[in-house]
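Student: I'd like to learn how to read a few features of a protein model. Could you walk me through one?

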Amino acid sequence: MILSDISVKRPVFATVINLLIITFGIVAFLMLPLREYPDIDPPIVSINTNYPGASAAIVETKITQVLEDRISGVEGVKSITSNSRVGRSNITIEFHLDRDIDAATNDVRDRISRALNNIPEQADPPEVFKANDDENVIVWFVLQSESMTTLELTDYANRYIVDRFAVVDGVARVRLGGGRTYAMKILLNRTAMAARNVTVQDIESTLRSENVELPAGRVESIDRDFSIRVQRSYLTPQDFSNMVVTRANDNSLVRLGDIAKVSIDALDDENMFRGNGKNMVGLGIIKQSKANTLEVVKSARKEMLSVQNSLPMGTTITNSYDSSVFIQGSIEEVYNTLVIAMIMVVCVIFLFLGNIRATIIPLTVPVALIGSMMTLSWFGFSINLLTLLALVLAIGLVVDDAIVVLENIYRRIENGQPPLIAAYEGGREVAFAVIATTLVLVAVFVPLVFLSGNVGRLFTEFAIAIAAAVVFSSLTALTLTPMLCSKMLKHKERSSSFGQFLDRKFSKIEASYAQALSKSIHQPILIISIIALSLVAVYLLFMQLPSEYTPKEDRGNLFIVMQSAEGASYENNVKNMQTIEDKLLAYKKRDELDRVIVRVPGFGGTGGVAIVGMPDWGERSFDTFEFIGKINKELDSITDVRAFAMMRRGIGGGGGDSPVAFVLQGNTYSELAKWRDIVIEAAQKNPNLTSINSDYKETYPQLMVKIDRDRAYDLGVPVGDIAETLETMLGQRRVTTFVERGEEYDVIIEGDEEQYRSPADIDNIYVRSPTSNELIPLSNLINITEEATSSRLNRYNRLRSVTITANLADGYALGDALDFLKNIADQQLPEEAQIDYKGQSLLLKESGSSILLVFVLALLITFLVLAAQFESFIHPFVILLTVPLALVGALPALS
């Protein structure tokens with residue numbers, strides 16, 4: 001083989017080749033981003049449309065369904081998920097992994113622009129934007145103060161702290177959690193407004209026209225030019241209170257302070273964020289997509305210490321949550337495994353060859369591992385647990401090439417050849433075997449690239465990493481190994497009693513193997529029977545193994561989700577969340593928990609959420625799953641809400657998603673509700689399914705306001721004025737802005753909630769008739785009825801849907817849960833009922849359908865590669881018959 005020949009003849013050449021591999025490999029390693037897992041986030045485009053005042057049913061038919069019909073033909077769509085709720089439509093489009101997100105977004109925008117004429121005029125134009133699932137917070141810092149309120153603390157963070165973290169190298173943006181923003185609140189008094197003949201439209205018009213700051217040209221003189229600016233006159237609550245709205249009947253001035261209460265307050269005061277029982281504001285660091293997580297966290301921690309030194313007296317900033325701890329721990333374990341594997345390889349070689357110099361030869365293995373970094377960089381991959389795992393597994397494969405060359409050269413040296421001749425002829429003799437082994441291994445791992453879905457995306461980096469390491473190992477084995485053998489190996493007999501003992505044992509093993517081989521060759525029926533039984537055993541073992549998307553792991557953090565009754569008030573949610581907080585703080589006082597963070601409202605429309613951090617793994621005697629089981633029993637005692645704990649996951653979405661997501665699809669929501677009840681009733685009989693829930697509940701209290709359009713027309717009242725007045729008095733409207741210490745804040749008008757405690761209070765709101773200029777009470781224009789409905793209507797892949805979610809009991813596999821639910825649907829639901837899956841459930845189904853195909857493809861490619869190498873279709877078949885025997889050894893270990 002010319003490569004091994006040249007390496008022996010020209011040792012500097014062989015050295016330079018490998019030094020170049022190491023140099024470029026190290027450079028690539030330093031440039032590669034560091035992640036916990038490969039980037040498997042799919043391209044997602046979201047469409048948000050506001051339709052103020054419209055019910056969920058109207059939004060679903062007039063907006064959501066119309067837009068879905070338009071975008072359904074966009075190339076590369078994997079799934080379309082939508083939900084319609086009061087006044088708002090949200091559509092999420094997930095594309096296949098190979099779809100360019102920018103091109104997909106442009107295609108969606110183009111389709112949506114054509115549908116603008118088909119949606120109601122009162123609806124806002126749809127907003128189309130890219131949603132990046134990778135924008136997860138990697139570290140949370142929390143601000144606490146004894147001298148500042150949450151409102152003041154939020155303003156301080158926005159002014160002095162957020163920008164400092166935003167410029168840290170690798171930080172994409174900073175998310176503020178639990179903060180409250182300043183706003184000029186104008187609480188309208190309906191009684192005072194009616195007494196002074198003032199309407200909502202009068203106030204809004206006055207605010208927009210009076211509170212202006214505009215350029216007014218310039219004055220030019222001979223020597224100087226002056227720009228002119230009309231300065232704002234309204235900066236404080238007193239300024240706004242003195243604003244003249246209109247004149248009363250007695251010609252007196254009606255000021256805003258006469259009909260409203262003006263104050264600087266929180267824009268949204270229905271927001272609670274507490275840590276370990278104290279109010280706080282969170283600062284979440286979101287890294288850039290290609291940034292190194294560990295380096296970003298390290299830099300952010302350094303900046304946190306700098307910020308701490310400049311905070312006012314009584315204010316502190318501390319670290320609350322750090323995702324890099326788990327990543328760092330996992331990667332350190334992989335590095336430790338790499339070192340242990342290298343040590344074991346060296347020890348095994350020394351035991352077999354008994355030559356200390358021979359143990360230096362396999363140290364060429366790191367060259368192959370480092371060289372694989374170039375391939376990862378070339379494909380745009382990252383350093384993560386799966387690529388590092390690939391390198392751990394590659395050690396056993398990579399060292400094979402070096403050992404084959406080393407052993408053959410050493411055998412020739414033992415037979416009396418000089419090291420230089422032995423290296424030259426020994427390397428040439430086994431070069432074909434090394435190349436053949438490399439091609440077969442690459443043929444085995446590369447088909448993993450063809451796995452579909454997120455599983456394919458995960459194991460693509462794994463497969464490429466291990467294939468690259470194997471290719472570089474063959475290059476190293478045919479260059480550096482023969483060269484080192486020619487320079488360093490010398491024949492040496494074992495002189496120690498232990499070495500001689502090993503030689504005798506190895507001789508006996510060789511003799512026993514030769515005897516067993518001789519007997520088995522003459523018993524073909526027995527061997528064929530063993531292979532056949534192995535195939536049967538593999539099938540039976542495989543069918544009995546539980547299936548799941550990812551194994552359970554104690555990540556040291558968990559979520560407690562609180563789902564309150566539909567329509568529950570903020571005060572009610574806070575009360576129940578404090579009950580949950582008290583239960584958790586009892587564990588915190590016993591040092592069984594490290595931190596307890598609660599938030600109201602929670603994520604995804606839930607009533608509240610608690611984020612629980614456990615002590616480090618070495619500082620506790622129980623795992624997180626034990627605590628989840630214990631706390632779930634305590635949470636069952638809270639009858640007013642439904643609360644449950646779940647583990648935060650590393651792969652397959654955020655921590656709030658349940659692993660079971662079983663979708664029912666049909667024509668009407670009433671029909672879907674009946675099917676939902678059937679499935680849930682049967683599922684509740686399975687003790688392995690916990691926290692069973694659905695996303696469709698007809699329990700949301702709703703007041704239906706029906707406008708008497710004929711009556712409104714007779715009185716000359718525009719319907720839009722009625723809707724706008726209701727929105728302002730019962731909600732809030734942003735009208736203008738004001739400036740406070742260089743920052744601009746919103747001016748909000750809303751009704752005084754103390755005047756609206758019952759549906760009957762709506763009747764006493766007044767609107768003006770432009771025809772008669774008289775105030776008309778809404779009691780003459782509207783009819784109010786109360787009904788129960790669902791707060792949101794969901795669709796999945798353009799069909800009306802209800803999703804049933806559940807968590808799994810310890811030891812129960814996701815695949816078994818999905819099979820159980822599917823059997824219920826097949827046996828108890830009508831034929832027109834359609835089923836589908838979401839989240840982890842969908843990922844499991846996608847991967848399960850392609851794994852068998854990839855396994856067969858790997859066998860086929862391996863067979864063809866071996867056939868080409870041996871110029872025979874029989875020899876590869878004989879070799880592949882060993883696969884069932886290997887699986888018989890692997891599957892029982894899994895079970």
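Student: How do the residues lining the second largest cavity divide by class?

Tutor: This is a predicted model, so keep that in mind as we go. The lining of the second largest cavity splits into five nonpolar, four polar and one charged residues. The residues in question are T364, V365, A368, V398, D401, A402, S473, T476, A477 and T481. Helix 12 (365-378), helix 13 (385-414) and helix 15 (453-477) are the elements that each give two or more residues to that lining.

Student: What volume does the second largest cavity have?

Tutor: The general idea is that rolling a probe the size of a water molecule over the atoms shows where empty space is left. Here, the second largest cavity holds about 50 Å³ of space.

Student: Which residues line the largest cavity?

Tutor: R190, M193, A194, V198, T199, M729, I765 and Y766 do. By class, you get six nonpolar, one polar and one charged residues there. Helix 6 (residues 190-195) gives the largest share of this lining, with three residues.

Student: What does Q201 touch, leaving out residues up to four places away in sequence?

Tutor: Q201 touches D721, E724 and T725. Its side chain also reaches the backbone oxygen of D721, at 3.4 Å.

Student: Which residues is L593 in contact with, beyond its neighbours within four places in sequence?

Tutor: Those are L584, Y587, K588, V612, G613, M614, P615 and F627. Take F627: L593 and F627 are 34 residues apart along the chain, with their C-alpha atoms separated by 9.8 Å.

Student: Last one: where does helix 3 bend?

Tutor: At T64, by about 30 degrees; the helix covers residues 56-71. T64 is also one of the buried residues of helix 3, and others on that list include A56, V59, E60 and I63.

Notes: Residues are numbered from 1 along each chain as its sequence is written. This is a predicted model: local features need pLDDT of at least 70, side-chain atom pairs count only at pLDDT 80 or more; totals for chains, interfaces and linings use all residues. Side-chain values use heavy atoms; hydrogens and water are left out. A polar contact is a pair of N or O atoms within 3.5 Å; within protein, one must be able to donate a hydrogen and the other to accept it, and residues adjacent in sequence count only if both atoms are side-chain atoms. Contact means heavy atoms within 4.5 Å. On a 1 Å grid over the protein atoms alone, a cavity is a set of points where a 1.4 Å probe fits but cannot get out, and a pocket is an open set with protein on both sides within 12 Å along at least five of seven lines; lining residues have an atom within 4 Å of a point. Helices (H or I, at least four residues) and strands (E, at least two) are DSSP runs, numbered from the N terminus. Ala, Val, Leu, Ile, Met, Phe, Trp, Tyr, Cys and Pro count as nonpolar, Asp, Glu, Lys and Arg as charged, and the others, Gly among them, as polar. Grid points are joined across faces, edges and corners, and a volume is the space filled by probe spheres set on the points. The bend at a residue is the angle between axes fitted to the seven residues ending there and the seven starting there. Buried means under 20% relative accessible area, exposed over 50%, partly exposed in between (1.4 Å probe, protein chains only).
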